Amino acid sequence: MPRLTVVVPAYNEAAVLEIFHARLGSVLAELPLDCDVLYIDDGSSDTTWELIGALAARDSRIGALKLSRNFGKEAALTAGLDHVDADAAVVIDADLQDPPELIPALVERWREGFDVVYATRSAREGETGFKKFTSALFYRSMERVSDTRLPRDTGDFRLLSRRALDALHQLRERQRFMKGLFTWIGYRQTAVHYLREPRQAGVTKWNYWRLLQLAIEGFTSFSTAPLRLATWVGMAASLLAFLFGIWVFGKALLFGDVVHGYPSLMVVILFMGGVQMLALGVIGEYLGRNYAESKQRPLYFIEEKRTPRARS
Ligand code: UDP
Ligand code: MG
């Protein structure tokens, strides 16, 4: 029988883990596959790890990794996917925003021969208009500037075939924008649509600050357009400054330099200063990225590991 591993990153999810596993468990029981679940405790400070242990005592299909600290969802996912030796893996959030009931539909498309089956949400309940707007803005601009086409309204909830997993395993970049990486590997990809529910319990770890950082990560990992933008802005500013200079010069020639040039000088200096700072910032963003890559640090450390009893 083909084997499937469900990879679940969990950071301070003690509040939902029990219901989550109950729902996941009943879905997996129905599947004609040899299933197990791999929980990754991303350095939780609550009782998540103990809870996983308690669940594993009851359910022999549970394996788990405990990272040595909070590395962030992307690293937790990577750790999980690196440890999958099954024929396919499903990535799902622990907060029940991704309905486990969709897994059979994902599996079905995989059996039809697709390598990446991603779940696309058709409605966003419990999210503010502003969040929807910013997210639409992100996807739209990303499509404009990057060669990597990101599927819209798609989280990390998806199924990956063995060869997709192997491909992903070779992408060891440190600043990981998973959504982009999943798409970048190629192979046969398809979508399954569903309704996204509001988070069941606990709080989201994504505030706008983190989302903005994720967006910057997405842009700079998959596009050098911001670098080009800096060039354009710089060129436009220089041109404007040049025209302004001609005007000031002409005026002085025709009417004499009555005053003192202080306002115009100030305007030019401030404007040029601003443009230079912008360009420097953009370059710095890429330079910092280069620095992080060049350190060649491992993506995560594992503190504890438990294999499913069913396997050992
Ligand atoms: N998560 C994680 N490490 C983190 C933050 C989140 O492993 O540093 C996990 C979290 O436990 C959940 C999933 O990633 O299973 C999605 O997190 P969240 O619900 O906060 O994000 P959202 O659904 O708002 O995108
Ligand atoms: Mg969530």
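View 1. Where pLDDT is low, the predicted coordinates should not be read in detail. Across the protein the mean pLDDT is 83, and 92% of residues reach 70 or more. For the complex, the predictor gives an ipTM of 0.91 and a pTM of 0.70.

**View 2. The protein has 10 helices and eight strands.** Of its 312 residues, 29% are buried. Take the contacts between residues at least 6 apart in sequence: 86% of them join residues at least 24 apart.

**View 3. The largest nonpolar core holds 62 residues.** Val6, Val7, Val8, Leu38, Ala89 and Val90 have the most contacts inside this core. Leaving aside residues up to four places away in sequence, Ala89 touches Thr5, Val7, Leu81, Val84, Leu160 and Leu165.

**View 4. Strand β3 (residues 62–67) is mostly covered.** Six of its six residues are buried. Ile62, Ala64 and Lys66 point one way from β3. Gly63, Leu65 and Leu67 point the other way. In a regular strand the side chains alternate between the two faces of the sheet.

**View 5. Strand β3 pairs with β2 and with β8.** Strand β2 (residues 34–41) runs parallel to β3, joined by five bridges. Leu38 has Gly63 as its bridge partner in β3. With helix α2 (residues 48–58), β2 and β3 form a right-handed β-α-β unit. Strand β8 (residues 302–306) pairs with β3 in the antiparallel sense, over four bridges. Here Leu65 stands opposite Lys305 of β8.

Terms used. Residues are numbered from 1 along each chain as its sequence is written. Chains are lettered from A and ligands numbered from 1 in the order in which they are written. This is a predicted model: local features need pLDDT of at least 70, side-chain atom pairs count only at pLDDT 80 or more; totals for chains, interfaces and linings use all residues. Helices (H or I, at least four residues) and strands (E, at least two) are DSSP runs, numbered from the N terminus. A residue is buried if 20 or more other C-beta atoms lie within 10 Å of its own, exposed if 12 or fewer, and partly exposed in between; C-beta atoms are placed from the backbone. Two residues are in contact if their C-beta atoms, placed from the backbone, lie within 7 Å. pLDDT is the predictor's confidence in each residue, from 0 to 100. A nonpolar core is a set of buried Ala, Val, Leu, Ile, Met, Phe, Trp, Tyr and Cys residues joined through C-beta atoms within 7 Å. Two strands pair if DSSP finds at least two bridges between them. A crossover is right-handed if, with the strands pointing away from the viewer, the path from the first strand over the helix to the second runs clockwise.
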